[in-house]
Structures are given as C-alpha cells and as structure tokens.
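Hi everyone, thanks for coming.

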Amino acid sequence: MNFCPNCESVLYLTKDHLFCKACGRSFKFELLSSLNIDKNLDTTIASSINYAQLEVKKLDDNKYDDRVKILKSKTLTYYHFFPYDQFRESQEDLIKQISESAKARKNILLIAPNGTGKTVIALSALLPLAIEKNLKIIYMCRTHAQNRRVIKEMTKISKFHDINNLDIKLNGLSIRGRNEMCLNDTLLALKFNPREAMAVCGDLRKNRSCSHFLNLLKKKGELENLVSLEPELFNKPVDAEDLILFSKKKKLCPYFLSKFLLESMKVIICNYQWIFNPFIRELFLKFIGQELNNCILVMDEAHNLVDVATDVNSHKITPYSLRLCLKDLEMYPSNVRLSTFVEFLLNTLNQKKKDIRAEEKAIKPGKFLEIIYKKLGYHDLNGFKNLIEELHSLSVSIHEVKLSNGQISRDFLGSLAEFWLKWLKTYILENYFFCYTIKRVKGKKSISLEIVALDPREIAIPILKRAYTTLNLSGTANPYVYSSLMGFNECGKSFKGIIADSPFKKKNIKAIITEGVDTKGVNRNPSMFKKIIEKINEVIISTPENVGIFCASYKILRGLLSNGIEMVIKKTNKKLFIEEPGLSASENIAIVDDFKSMASNGGGVLLGVSGGRNSEGEDYPGDYMNAVVIVGIPYHLPTPRVEAKIKYYDQIFNKQGWNFGYLYPAIQRANQASGRPIRKISDKGAIIFMDSRFKDKSKWISGWIRKEIKVIPDEPNILIQHLSSFWNNG
Ligand code: SF4
C-alpha cells in the first residue's frame with residue numbers, strides 16, 4: 001500500500017497516476033522514486049493508517065527499570081500513554097505542567113512550535129485524567145491531515161499498550177461533517193451548505209428515502225452496540241477515512257454510524273465547528289452522551305479560534321437566496337407584504353452592487369430597519385417584528401407541505417427569517433457591525449448583506465466556563481492577546497499559560513530582517529519594488545532548492561510582477577509558480593505539488609500571499625521550502641469592518657484596539673507564513689522578513705524565530721554572504 005507524502009492517507013491507483021482522496025493530490029509515476037513511493041502497487045485498502053510503519057518498542061525491563069515498574073502499577077500516569085523510549089528535551093516537564101493544571105480544571109494555553117510533539121504531549125498529559133474521571137477528550141483540529149496525526153499518535157499509544165501487555169482500552173474516532181461523509185446521491189448532487197444539508201438529510205430520513213440510513217438502523221436494531229459491527233476496527237483509534245471505506249463496503253451511512261459510535265469513544269477528533277457552533281454543539285453532545293462539563297477540550301492551532309468564534313456568530317444574505325425566497329412566496333399563499341419585503345431587499349442589493357466601489361459599506365442598522373418598516377406601511381418596528389415571526393411560521397409550514405409531497409429542497413425562507421431575527425436582536429448592540437460586502441472573483445462582482453459579530457468572547461466564554469478543562473495549543477499565538485480576545489480572565493476559571501523552549505538547533509535556523517525596504521503605501525513605487533526584487537534575487541541564488549515568497553497582499557504581488565520579478569527568477573534557473581486569487585482548490589493543489597516536486601529538480605519559487613491557503617494550510621518540510629521571504633507586513637485593508645473592530649476593542653480592551661484588531665492579525669499572518677519551511681525537528685531553513693518595519697514589531701514575532709533574528713543593513717550582496725555561510729555550514 002502507498003501513502004500520500006503530503007497528508008499520509010492511502011493513495012488510490014488510477015490509470016496513470018496515484019490519487020489521494022483525502023487531500024486531492026495526484027502523483028505521477030515518474031515522481032514515485034523522488035517521493036520514495038513503492039512501485040509494487042497494492043490497492044487493497046484496509047486502513048489509511050500504516051500500522052506497520054508506526055514504530056513502537058517494547059520497553060526493556062533492565063534498561064528502563066523505573067518506567068517498567070510504574071507501568072506495572074495500577075495507577076495510570078502519563079508514562080502509560082507516552083509511546084516512545086525517551087522524552088525529548090522539556091517534553092516531560094510540559095506534560096507535568098499540563099497534567100497538574102488540567103487536574104485543577106484550569107484553562108491552559110501552550111505556545112510551542114511545530115516539532116515540540118504537541119499531540120503526544122497533550123494526549124499523555126490528559127488521558128490519565130480522562131480515564132480516572134470518566135471524561136471524554138474532544139480534540140479539535142483545523143484540517144483532515146491534522147486529525148489523522150492525532151489518530152496516528154493514538155495508534156502508537158494503543159500499540160505501545162499491546163506490546164507491553166498493558167490492559168488499557170484506548171479507542172477514538174475522527175469525524176467529519178455530513179457533506180464530507182454522506183453517501184446519498186441526491187444530497188451529494190445538490191451541493192448544499194452544512195445547514196441546508198442537515199435539513200435535506202432530515203427530510204430524506206423522515207421520508208425513508210435514504211437506503212444507507214435504513215441499512216444502518218437495521219444493524220442498530222440487531223446489535224446492542226455498533227462497535228460489535230467490526231470490533232477489530234472500532235476498538236482502536238479509527239480515522240474518518242477508514243470508517244467511510246468500511247461504510248461504503250457495507251452500504252451504511254458513515255455520518256450516522258460515526259455519530260452512533262461517539263458514546264463508546266474515549267477521544268473524539270473533529271473540527272472546531274462541532275463545539276464552537278452552539279447550534280451544532282448541542283446535538284453533538286447528545287450523541288456523545290455527556291455534558292460539556294464532562295469533556296476535556298483540546299484546541300489545536302488555537303489561534304484560528306478568534307476568527308472561528310466570530311464567524312459562527314455572523315450571518316449574511318445574498319441576492320441568490322432572496323430570489324429563491326421569492327419563488328416560494330409565489331408558489332404558496334402568503335401575506336403580500338412578505339413579497340414586497342423580499343423584493344425591496346433584492347432591489348436594494350442589486351442597486352448597491354452597481355453603486356459601491358469599495359469592498360464594504362457600513363450600514364446604520366436602526367435606520368435600515370426604519371426604512372424597511374416604513375416601506376411596508378408600518379408605523380413602528382412592532383409591525384415588522386410580527387411580519388418576521390409570520391415569515392418564520394410560514395417557512396415551517398411550507399417545509400412540511402414539501403416534505404409530505406416527497407420534495408427535497410432548501411429552506412431559504414427559514415434562513416431569511418433567522419437572519420432578521422438576529423438583526424432585530426443585535427441592531428442596538430456595539431459588538432455587532434452591519435454592512436454590504438462586495439467580492440470580486442475572476443472579474444465577477446457579488447454582494448451580500450451582513451451581520452458581523454465583533455467579539456469572540458460571546459461564543460468562547462461559555463465554552464471555557466463549562467468544559468472540564470481546555471488545552472489551547474498554538475505555535476504562533478501571542479499569549480496576552482489570545483487570552484484577552486478569548487476571555488480567559490472572565491470565564492470564572494484559572495488560566496495557565498505555558499511557553500515551551502524552541503526544540504530547533506540554532507544552526508538550523510537563520511532569521512533575518514532586512515533594512516532599506518518596506519511596502520508602506522507612500523513607498524510603493526517602481527524603485528522600491530526593484531530594490532525588493534534585487535534582495536529577493538540574493539535570497540534565491542544563495543538558497544539550495546525551493547524558496548517561498550509571501551507578499552502582504554495581491555497588490556504587492558502584482559507590483560513585483562510588473563517590475564520584472566519573472567525575468568529575474570528566470571535567470572536563476574529556478575521555476576516560478578504564482579498563486580492567483582480565485583483559483584479552484586484542485587488548480588491550487590496542482591501548483592503547490594509542481595512547486596514541491598522542484599525540490600529534487602533544480603529548485604522552484606512559489607510567489608503567493610501571507611494569510612493565503614499556501615502560507616497557512618500547507619506544510620513544506622525538508623527541501624520542499626528551504627527559505628521563505630515575507631514581503632511587507634500583511635495588514636488587512638482598513639475597511640469599515642476593521643475600523644469598527646478597532647473602535648470596539650479600544651473600548652473593551654483598554655485602548656488596545658489597534659494592537660488587537662489590526663497589528664496582531666497582521667503579525668499572526670506573517671508568523672504563520674514564516675514558519676512554513678520549519679515543520680520537523682530535523683528541518684533547516686532561512687526566514688527573511690523583507691520590510692524594515694518588522695524591526696519595531698519584532699517583539700510580536702514568534703519566540704523561536706525572534707531569538708535567532710538579526711537585522712541586516714541595506715548593503716548589496718549582504719544577504720548572499722549571510723545565507724551562503726548558513727547553507728554551507730553543515
Ligand atoms: S442519512 Fe447519511 S447517507 Fe443518508 S442523506 Fe443523511 S448523511 Fe447522507
């Protein structure tokens with residue numbers, strides 16, 4: 001069996017290449033040797049985790065006398081869940097600190113770079129407590145690849161138990177959303193968002209139209225516990241991919257199979273939505289069979305949660321959804337005012353789409369309501385409130401009629417009613433912002449009307465308060481800003497912040513801030529772009545293989561292109577790859593894969609943006625990226641939304657609005673991009689911050705990079721000198 005070099009899932013054989021269903025990458029046969037892939041293809045799929053590759057040793061009684069003694073005792077400790085021979089530097093100390101703080105039910109923040117072994121640290125620190133107190137561990141990650149890493153670590157722990165004859169049962173399951181697990185052709189064909197998919201799946205089940213669900217219900221009736229469907233698989237840590245493969249074979253619904261199994265699982269691995277979306281959380285906890293106060297929450301890449309917590313609390317409507325609302329109102333008898341209301345919204349959005357030239361336009365929400373209720377002939381807001389209640393009831397009855405006719409459709413009227421109920425609830429609150437948002441993708445303009453939540457604490461605090469304990473993991477979060485934005489000090493629990501030492505050898509990291517260049521608005525002229533390109537050229541010619549260049553924005557990226565970066569890179573004989581806005585996921589994957597393949601093919605240069613999918617979601621270990629250049633500080637455009645956030649944060653965080661709402665997100669994007677080449681303990685990489693303003697902001701740069709940082713004067717060839725000696729010294 002062959003495994004994806006990117007995300008470690010099983011590779012499937014197609015006619016002329018190997019394909020990874022998990023991350024969507026294809027690998028040509030010519031690349032097999034450079035990727036160290038087995039050419040004797042074996043397509044029988046048993047598991048996406050390569051158990052044979054998971055090296056775990058039996059502890060030798062003589063060599064590890066004390067540890068073996070502890071393992072034989074009945075009291076569970078972190079030693080029982082640490083599957084390696086020995087702890088790497090500071091790992092044991094971190095485990096002890098987390099374990100003590102978790103017992104005291106504190107909220108914990110661990111700041112540690114990749115390579116520290118955060119997953120095994122978290123699991124071995126928390127599993128003894130979870131077993132002793134009969135708690136569940138809910139381990140939240142951002143991507144499927146990160147989920148798989150947790151399952152892989154758990155599989156090692158489970159294997160460690162087996163070969164050392166420890167009688168400990170450890171199971172776990174990684175789960176995905178309905179859209180990613182569903183096997184029903186009707187639902188798959190219609191490409192719903194998660195909320196709509198939930199409603200349609202509900203209809204299919206009520207109508208007994210989903211055979212996969214009916215097959216599963218039959219099995220559930222026959223068996224006391226669904227683990228006995230396949231004990232070999234479900235008594236061990238199991239990845240969503242494995243569960244889907246098993247369900248396909250047995251023609252069962254994988255989504256509900258995973259839900260029905262949750263109650264039997266000790267560790268559940270999922271994305272943030274399952275806990276951070278209040279609507280999803282309540283149903284999820286019902287399936288788990290536990291209250292949140294009996295759950296330990298682990299939040300991987302926790303810096304993402306600030307945005308997740310505001311996004312789940314924000315809402316929008318678009319002309320597309322309004323047109324479908326009108327269709328329903330035409331087909332079913334309803335108050336004529338409802339059609340007038342929807343038509344008014346649709347006309348307003350279409351007109352604003354033509355008029356608005358910027359990215360956003362703020363709306364006075366109270367004034368907007370007044371315009372609407374007057375337009376509808378009401379004297380005050382009460383008439384409008386009643387109309388929205390009426391819209392809500394109508395959406396329920398239309399839905400029931402459709403269901404009884406066997407129709408499957410999306411409930412746009414219900415979503416519209418919920419949007420306006422939220423508007424009516426929040427329009428006088430300072431922690432919400434209301435606007436028209438304009439997007440331009442591949443020259444096409446679109447508009448939406450939005451309610452934007454500004455305060456992540458509204459969602460985060462109830463979670464931090466209720467959970468048994470939480471462990472927040474990040475390599476880049478600023479502890480002061482993160483803990484303030486999430487509300488650690490206001491949730492009624494103690495907070496423990498831990499900053500780990502860098503696990504990387506000094507000789508493997510070169511970090512530089514360059515003097516003499518910046519991307520300030522007033523300095524964006526051809527001579528500045530040319531100077532930046534000269535410095536980038538010095539980096540490229542003194543780097544062995546691949547270089548990543550992440551610009552502050554697409555505007556800066558285009559500035560480099562129009563000032564001749566392509567020609568300069570061509571002369572270095574390295575191949576240039578350009579990330580463009582609006583690329584589909586598969587188009588982007590193809591670019592990144594080609595770039596990575598240049599690591600053994602003469603070297604490549606990836607030109608993208610900080611905060612983009614290639615500077616945050618993608619890893620480039622080994623020679624996939626030897627050096628990264630951060631061109632400019634990636635500040636967000638000062639849109640009305642950003643200004644509203646700064647103003648609001650100024651009020652609630654003691655005049656820290658600019659730092660928390662503007663500087664921190666920008667530096668966070670730069671920190672994420674700058675860590676791309678260093679993913680494993682053995683990686684060697686150069687990080688170049690190409691903007692002199694980073695000098696004044698250096699205290700915000702990730703600690704493990706900051707401690708190696710040098711400011712280089714604005715002199716020709718000085719980057720070549722520094723980087724050549726770095727790469728030539730072992
Ligand atoms: S029951 Fe399962 S297979 Fe059927 S529509 Fe719902 S998610 Fe899809």
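Predicted model: local features only at pLDDT ≥ 70, side-chain atom pairs only at ≥ 80, totals over all residues.

Let's start with the record: where does UniProt place the feature "domain: Helicase ATP-binding"? The unreviewed UniProt entry puts it at residues 77-362.

The mean pLDDT of the protein chain is 90, with 92% of its residues at 70 or more. One stretch to watch is residues 31-48, where pLDDT stays under 50. The model does have 23 contacts beyond four places in sequence for residues 31-48.

On to the ligand. Which residues are closest to the ligand? They are Cys-182, Cys-201, Cys-210, Phe-213 and Cys-253, out of 14 residues that surround the ligand. Helix 7 (194-206), helix 8 (211-222) and helix 11 (254-261) are the elements that each give two or more residues to this shell. Helix 7 provides the largest share, 3 residues. Sorted by class, the shell holds 10 nonpolar, 2 polar and 2 charged residues.

Last stop: a pair of helices. Helix 2, residues 91-103, packs against helix 3, residues 118-132, at an angle of about 35 degrees. Their axes are 9 Å apart, and the crossing of helix 2 and helix 3 is right-handed. So who meets whom? From helix 2 we have Gln-91, Leu-94, Ile-95, Ile-98, Ser-99, Ala-102 and Lys-103. Across from them, helix 3 brings Ile-121, Ser-124, Ala-125, Leu-126 and Leu-129. By class, this contact of helix 2 with helix 3 has 8 nonpolar, 3 polar and 1 charged residues.

That's my tour, thank you!

Conventions. Residues numbered from 1 in each chain as written. pLDDT = per-residue confidence, 0-100. Contact = placed C-beta atoms within 7 Å. UniProt positions renumbered as here; feature names shortened; annotations may be inferred. Near = placed C-beta within 6 Å. Helix = DSSP H or I, 4+ residues; strand = E, 2+ residues; numbered from the N terminus. Nonpolar A, V, L, I, M, F, W, Y, C, P; charged D, E, K, R; others polar. Axes fitted to C-alpha atoms, helices over the stretch in contact; angles between N-to-C directions. Left-handed = near helix turned anticlockwise from the far one by under 90°.
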